[in-house]
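I opened my notebook to look up a few things, starting with the holes inside the fold. Come and read along with me.

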Amino acid sequence: MPVRIGIPRGLLYYYYYPLWEKFFTLLDAQVVVSDKTNSKIVAEGAKNCVEDSCLPVKVYHGHVLNLKNKVDYILIPKVMSIQRKEFICPKFCGLPEMVRHSLPDLPVVIEPTIDFWKSKENLMETVYEMGGCFTGNKNKMKDAFYEALSAFNEYKKTVKKGFLPIDGFSGQWECRNRSGNSENKILLLGHPYVLYDSHISMNLINKLRRYGFTVITEDTIDNAVIHEKAAVMDKKMFWTFGRKILGAAFYGMEQEDIKGILYLSSFVCGIDSVICEIVERRIRRESKKPFALLTVDEHTGEAGFDTRLEAFIEMMKWRENYESYIPAHGKYISGRKSLV
């Protein structure tokens with residue numbers, strides 16, 4: 001029976017799963033992914049996590065518990081930086097320690113350190129650390145990594161074409177994002193582990209598609225464009241996901257076919273508390289596009305969430321049809337001069 005390695009379906013799973021899955025499979029391991037996020041996983045994660053954590057971190061704990069008795073190893077990387085001269089959320093830096101402290105009696109945790117702040121010159125050491133539990137052959141690990149990296153790059157190209165992680169992995173993509181009008185787009189901002197988890201996001205992407213919108217995120221926008229647009233800030237944004245969100249927002253403000261901008265945030269996210277404020281102020285000051293912030297936590301009810309979403313959609317339709325004919329300060333009302 002092959003050695004089983006568990007990958008929690010949370011946090012950077014939505015970025016790196018194709019890379020991890022291919023790498024470990026080529027090392028003859030059986031990759032086991034936790035179940036899709038559900039109410040039980042959320043409840044168990046919130047119960048067994050430190051109280052001041054954000055919703056995605058609580059959910060991640062629930063996914064680890066879901067794997068606990070199914071695998072021999074669990075991959076929980078310590079992520080410091082995934083981009084030169086940039087950092088990632090502080091919760092990622094201590095994630096393995098946080099999980100092991102909160103969840104006793106886990107299988108062996110593989111916790112490689114990923115830190116590209118200065119360079120990627122130590123990348124192969126990380127690869128050997130991840131693969132060393134399955135083989136002692138470094139050449140096999142190196143070959144597996146480069147083949148997995150090739151598959152990962154193909155995955156990223158597919159995302160740039162408009163497909164999203166919720167549409168499938170490993171080449172099994174569904175053409176869901178083609179159902180909307182290509183000239184009727186909506187920009188959805190937020191962290192990938194919030195946007196692409198259908199339970200956390202209340203299935204927001206598919207709901208927007210059912211309204212006839214083509215959903216785009218920062219992941220579908222060219223990296224060079226995002227970097228260029230984010231560079232207009234007076235100071236460099238040193239949070240990787242924050243920079244991507246800002247670049248995507250500033251790009252979306254300028255595009256005629258983007259009808260509105262939605263920001264989906266999780267409660268007590270420290271990065272979002274800063275980034276969302278910047279995005280909202282810039283949009284309201286320099287753009288006429290409708291903007292709304294939707295915030296979720298483990299207590300958010302779908303009915304209230306849907307009501308806010310429907311109100312936002314109606315506002316976009318109203319502005320598209322009427323606002324260009326009505327002066328902002330009420331000089332005319334319903335086609336007649338105001339008495340004020």
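**Entry 1: the second largest cavity.** I sorted its lining residues by class and got 8 nonpolar, 2 polar and 1 charged. My classes were these: Ala, Val, Leu, Ile, Met, Phe, Trp, Tyr, Cys and Pro are nonpolar, Asp, Glu, Lys and Arg are charged, and the others, Gly among them, are polar. The model I am reading is predicted, so local features need pLDDT of at least 70 and side-chain atom pairs pLDDT 80 or more, while totals for chains, interfaces and linings use all residues. Residues are numbered from 1 along each chain as its sequence is written, and side-chain values use heavy atoms, with hydrogens and water left out.

I noted a volume of about 60 Å³ for this second largest cavity. Its lining includes L11, C54, P56, V57 and H191. Helix 3 and helix 4 (90-93) each give at least two residues to that lining. Helices here are DSSP runs of H or I with at least four residues, strands are runs of E with at least two, and both are numbered from the N terminus.

**Entry 2: the other cavities.** How many cavities of 30 Å³ or more does the structure hold? I found 3. A cavity is a set of points on a 1 Å grid over the protein atoms alone where a 1.4 Å probe fits but cannot get out, and lining residues have an atom within 4 Å of a point. A volume is the space filled by probe spheres set on the points, which are joined across faces, edges and corners.

The largest cavity has about 80 Å³. Of its 13 lining residues, L11, L12, W20, Y60 and P77 are closest to the centre. By class I wrote down 12 nonpolar, 1 polar and no charged residues.

**Entry 3: H63.** I found H63 in helix 3 (residues 55-67). Is H63 buried or exposed? H63 counts as buried because its relative accessibility is 0%, with buried meaning under 20% and exposed over 50% (1.4 Å probe, protein chains only). A polar atom of its side chain lies 3.0 Å from the backbone oxygen of R9. Beyond four places in sequence, H63 touches residues including P8, R9, D35 and D197; contact means heavy atoms within 4.5 Å.

**Entry 4: confidence.** The mean pLDDT (the predictor's confidence in each residue, from 0 to 100) is 86. Over residues 325-340 pLDDT stays under 50. Where pLDDT is low, the predicted coordinates should not be read in detail.

How values were computed:
Polar contact = N/O pair within 3.5 Å; in protein donor to acceptor, adjacent residues only side chain to side chain. 1 Å grid on protein atoms, 1.4 Å probe; cavity = no way out; pocket = protein on both sides within 12 Å on 5 of 7 lines; lining within 4 Å.
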